[in-house]
Structure formats: structure tokens, C-alpha cells
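Thanks, everyone. Let me put the structure up, and then I'll walk you through a sheet and the ligand surroundings.

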Amino acid sequence: MHKLKLAAILSLFLIIFSFNGKSWAQPATGTDNQTGISPQTAANYIHSVIEAGRTIYSEVIVERLGVTIDLKATENWQEQNTLPLPAQFLLLSSNTSNARDMGMKYRLMSLWPINPKNGPKTKFEKIGLENILKSPEKPFTKIVTIRGKPYFKAIYPDRAVTKACINCHNHHPKSPKKDFKMEDVMGGISIELPLNSNNVEGEDYRIPAEVVADYIHSVLESDRQVYSKHVVNRLQENNIVYASENWWEDNALLLPAQFLLNASDLILNKNIDLDFKLISSWPVNNHNGPANEFERKGLKDIVRHPVRPYIEYRNIGGKKYFQAIYPDFAVSPACVTCHNNHPNSPRRDFKLNDVMGGIVMTLPLE
Ligand code: HEC
Ligand code: HEC
């Protein structure tokens, strides 16, 4: 059901795009051709969202549940009824996002991969991985031409942040390197963004804010989908552990909404200037109601036009921002059952595939 819905949305999206070009759903107020974002900034946003998901999964799920209820993350998580490893979580999520064929691609790789599939595939990737070993303070970036089309490519370092990283890799029978130390760069996260082929020569490349928002949304959705399907639903069905609103007290899994909200808090605390949150016109938690006129209008609009996000270019405190509200669908019966029966829910007649709320994304324009 879930997959069919997504496929239907994506194909409709492609049809509409090929006929009408850009922003058919909402004529943006104050749009001009300068509303693009540099590829470097776009890649930084995407990387920070990938990192936030990875951190929440590693710390709040894997480490906490390992200590409190002895639930481990293991390589053969499916057979063993355990949690996927953090690297596997990222790989599942990147496969989900890359399969949407929306242009942006990301993956985790290394010069010393346990899984040969995660090795560098091109000369650029090899040089990039070697480069971040020498200068890990910044990503290695380049504009490359593939089959006559320009792409921005960036490789960000992936470090050994916990003892578990080095213990497992150094002792893994398939690991080609056995002497990783704490804080070592163990590999990299590569991000690839397609660029406009008819860019005026000498002018800097820009990616439309709307497209960058779609990319970020794709990472968020992929993390959430992987978390719901391979962590929450699977472990609940096998009676291993449950998702609970009071996950901290109950030593339980976070609800999928809480996973996203926690990643959002993490980004907020890092002062990256990128912001996303989950809201609804019928919130279980009052804090998640619409905060202003834009959010009220957007939530109403995405119920009527759920194919594309509601967008606006706005001035906030003298700075220019792009904002989008993406519909959040009741993709599984659990969404409907839990919200319809929750004591604090102001609405009790949600049906499968209804728009239950929206993901608000805010991107500063340079
Ligand atoms: C319990 C074992 C284990 C732990 C802990 C672990 N990894 Fe891995 N890691 C793996 C395995 C297994 C793979 C291969 C996954 C696959 O593609 O199937 C992998 C893949 C990777 C890759 C991609 C390249 C490769 O080796 O295939 C990187 C980079 C990586 N891990 C870094 C880390 C970092 C950083 C940490 C700590 C935050 C970490 N790993 C923790 C086992 C582990
Ligand atoms: C087991 C109960 C449960 C399930 C299952 C569940 N939710 Fe929620 N949802 C909640 C709770 C509780 C909150 C409030 C979380 C908070 O802010 O702490 C919430 C928050 C939300 C919000 C933000 C607005 C609000 O109500 O506070 C949206 C939108 C949302 N959920 C959509 C979904 C969708 C879509 C699904 C299915 C993919 C889903 N939920 C599954 C309980 C659930």
C-alpha cells in the first residue's frame, strides 16, 4: 500500500513536471531567478540532515537500548531480531532515497570497506577519500562532468566517534584494515547533485531552493521510512520492543514522529540555519500546531493539493527565506489507529492515506 502510494505520487509528480515545468501548485510570491542556493550550501544542508538521522539512530536508539534493555545492533539484524548497524541504517536510507531518481544521490563508503560494494567506484571517489584523510576539517568537493552533464560532488569525512566503531571494524573478519583508532576518518559520505546544463559561462551554479528542499525532504522521508519499517514495525511484530510516546521512561523505541522531531532539535542546536518540523491542524501535542498564518494556510492547502508542497518566499527579520510544507500521509493503519484513539487527539476520523499533517522546511537564501 505504502509503496504503491509513493509510486503513484512520484509518477504524478513526474507527469506534472514534464508538462508544466516548475512550481505549478503555488505561484510563489516574490520569486525571481536569484532564489537559488549554491551547490556547496545545498550539500552542507543535506549532509547535516544525514548526520542528524545517523546520530539520533546511533545514540538514542542503538546505544540507549543496548544499555537499558540489552538490545544489540548486529550485522545480521533480520535473522537475529536485533537493530540494524548504524552503517546499515544509513545504507538502507540512502538506497531508499536514491531509488526515487530525483537527481541527488548519497552513500557511505570507505577505502577499507567491510562490504566491497562500499568501496570507491570512480577515480574521483578514491581521490576524495584520500583527500579527507589528509584534510578532514572540510569536505572534498568538485564539479565533474558525467556523460556531458555537470554535477557537484562532495565527500564528507565519517569518523570513529565511539569505541564500538573501531572495535567492530578492527575485529571484523572482512575488514581490510585492523588498526583504526578513535577519531580516525574511517570513510566518507558522498553527496552528488546535478547542476543546470545551460548555466551561463563564468557564472556560479545555483540550485533552485525548491529543489534543495525536495532533496532534504527525501533524506528525512527515507530515514523515517527505514526507521518505521525495519526498526519499529519489525521489532513490534516480533514482540522484541515497542514504540512509545514515553520512550525514555519506558526504555522503548521513539515514535517515528519523535525520531524526526529529535533530528530537528539536533539541527536547531547546531545553528545551521536550516530548520524543519512536523506540524498538524489536529496535533496530538499542542506544540505541533501551526505557529503562524503561513503554516495555517499551508496545512489547509496540502490537504487540497497533496502532490506538491505549499511554498512561499518570505522575509523574516530582514532575511530572505524559502519555506515549504510537505504533506505527511497516513501511510500505515498504525498512524490512523493511534491518532484516532489518542486521548489528546482533537480529530478521530483519520483514514488510511489521509494527509495528517505536514513537514515544514525553512531554508535561508544567500
Ligand atoms: C558491530 C559492528 C559495527 C559497528 C559497531 C560499526 N560498524 Fe561500520 N560497518 C560494519 C559492517 C558490517 C559494515 C558493512 C555494512 C554493509 O554494507 O553491509 C560497515 C560499514 C561501514 C562503512 C562503509 C564502508 C564499509 O566498511 O563497508 C563505514 C564508513 C563505517 N562502517 C563506519 C563506521 C563508524 C564511523 C562506526 C561508528 C559510529 C561504525 N562503522 C560502527 C560494522 C560495524
Ligand atoms: C503509537 C502512536 C502513534 C503512531 C503509531 C503514530 N503517531 Fe503520530 N504522533 C503520536 C504522538 C504521541 C505525537 C506527538 C509527539 C510529540 O510531539 O511528542 C505524534 C505526532 C504526529 C504529528 C505532528 C502533529 C501532532 O499530532 O502532534 C504528525 C503529523 C503525525 N504524528 C503523523 C503520524 C503519521 C503519518 C504516522 C504514521 C506513519 C503516525 N503519526 C504514527 C502518536 C503516534
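Start with the open sheet: 4 strands, in the order β7-β10-β9-β8. The pairing is antiparallel. Keep in mind that this is a predicted model. At the edges sit β7 and β8, the latter covering 310-316. Each of these edge strands pairs on one side only. On average, neighbouring strands here are turned by 20 degrees against each other, ignoring direction.

Now go inside the sheet. β9, residues 319-329, pairs with β10 over 9 bridges, in the antiparallel sense. One bridge to look at: Y321 has P364 in β10 as its partner. In general, strands of a sheet pair through backbone hydrogen bonds.

Next, ligand 2. Which elements each supply at least two residues of its shell? Two are strands from our sheet, β7 (275-279) and β10 (355-364). The others are α9 (256-269) and α11 (333-341). In total, 25 residues surround ligand 2. The closest are N285, N288, C335, C338 and G357. By class, that shell has 15 nonpolar, 8 polar and 2 charged residues.

Over to ligand 1. There are 24 residues around this ligand. Coming nearest are A87, N115, C165, C168 and G187. Two or more shell residues come from each of α4 (86-98), β2 (105-109), α6 (163-171) and β5 (185-194). What is the make-up of the ligand 1 shell by class? We have 14 nonpolar, 8 polar and 2 charged residues.

That's the tour. Questions, please.

Terms used. Residues are numbered from 1 along each chain as its sequence is written. Chains are lettered from A and ligands numbered from 1 in the order in which they are written. This is a predicted model: local features need pLDDT of at least 70, side-chain atom pairs count only at pLDDT 80 or more; totals for chains, interfaces and linings use all residues. A residue is near a molecule or strand if its C-beta atom, placed from the backbone, lies within 6 Å of it. Ala, Val, Leu, Ile, Met, Phe, Trp, Tyr, Cys and Pro count as nonpolar, Asp, Glu, Lys and Arg as charged, and the others, Gly among them, as polar. Two strands pair if DSSP finds at least two bridges between them. Axes are lines fitted to C-alpha atoms, for helices over the stretch in contact, and angles run from 0 to 180 degrees between N-to-C directions.
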